Amino acid sequence: MGETTLTRAEERFIRWAFGTYSGHNPSLSDGIILPIWKSGPRTGQPRIPASIRDLVARGLLRVVAEEGPPRAYFTHTGMTAVRRMFIKPRFDAGRYIHLLREVENGADPG
């Protein structure tokens, strides 16, 4: 099992990736859409940013590239880490109420 404590940078990335934009509330279970390499030896493969690569290395995210656009989904350990993020006093639960509700309802990792 990976470490279930997120760093501040990882928390910041999750808030950015799952924040409300233009009235849309992204879901944790929908994962994070990854870009793909357009040229070179990795053409067509997912291009995994460092912020996601670190979470994958720690077992908090997994990459799925077989169905539709490649995405990074939270693992069970990753969802545990996200749940812990919500109990911190500095977390703005009101701004991320859509994620809090999803976590409270036992969101399933993708």
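**View 1. Order of the elements along the chain.** From the N terminus on, the elements run α-β-α-β-β-α-α. The secondary structure comes to 4 helices and 3 strands; helices (H or I, at least four residues) and strands (E, at least two) are DSSP runs, numbered from the N terminus. This is a predicted model, in which local features need pLDDT of at least 70 and side-chain atom pairs count only at pLDDT 80 or more, while totals for chains, interfaces and linings use all residues. Residues are numbered from 1 along each chain as its sequence is written, and side-chain values use heavy atoms, with hydrogens and water left out. Of the 110 residues in the chain, 36% are buried, where buried means under 20% relative accessible area, exposed over 50% and partly exposed in between (1.4 Å probe, protein chains only). Among contacts with a separation of 6 or more, 54% are accounted for by residues 24 or more positions apart; a contact means heavy atoms within 4.5 Å.

View 2. Two strands count as paired if DSSP finds at least two bridges between them. In general, strands of a sheet pair through backbone hydrogen bonds, either parallel or antiparallel.

**View 3. Strand E3 and its two partners.** Strand E3 (residues 71–74) is joined to E2 by 4 bridges, and these two strands run antiparallel. The pairing of E1 with E3 is also in the antiparallel sense, over 2 bridges. Arg 71 in E3 stands opposite Val 64, and Ile 33 likewise stands opposite Arg 71. Tyr 73 in E3 is the bridge partner of Arg 62.

**View 4. The hairpin of E2 and E3.** Strands E2 and E3 form a hairpin with 6 residues between them. Within the turn, Gly 68 has a positive phi of about 65 degrees.

**View 5. Packing of helices H3 and H4.** Helix H3 (residues 76–86) packs with H4 at an angle of about 125 degrees, and their axes are 10 Å apart. Axes are lines fitted to C-alpha atoms, for helices over the stretch in contact, and angles run from 0 to 180 degrees between N-to-C directions. The angle therefore makes H3 oblique to H4; angles under 35 degrees count as roughly parallel, over 145 as roughly antiparallel, 65 to 115 as roughly perpendicular and the rest as oblique. Val 82, Arg 83 and Phe 86 of H3 make the contact with Leu 99, Leu 100 and Val 103 of H4. By class, this contact has 5 nonpolar, no polar and 1 charged residues. Here Ala, Val, Leu, Ile, Met, Phe, Trp, Tyr, Cys and Pro count as nonpolar, Asp, Glu, Lys and Arg as charged, and the others, Gly among them, as polar.

View 6. The buried residues of H4 are His 98, Leu 99, Leu 100, Glu 102 and Val 103, and what covers them includes H3. Glu 104, found in helix H4 (residues 97–104), counts as exposed because its relative accessibility is 60%. The C-alpha atoms of Glu 104 and Arg 83 are 8.1 Å apart in space, although the two residues are 21 apart in sequence. Met 79 has its place in helix H3 and is buried, with a relative accessible area of 2%. Its C-alpha atom is separated by 8.7 Å from that of Leu 28, 51 residues apart along the chain.
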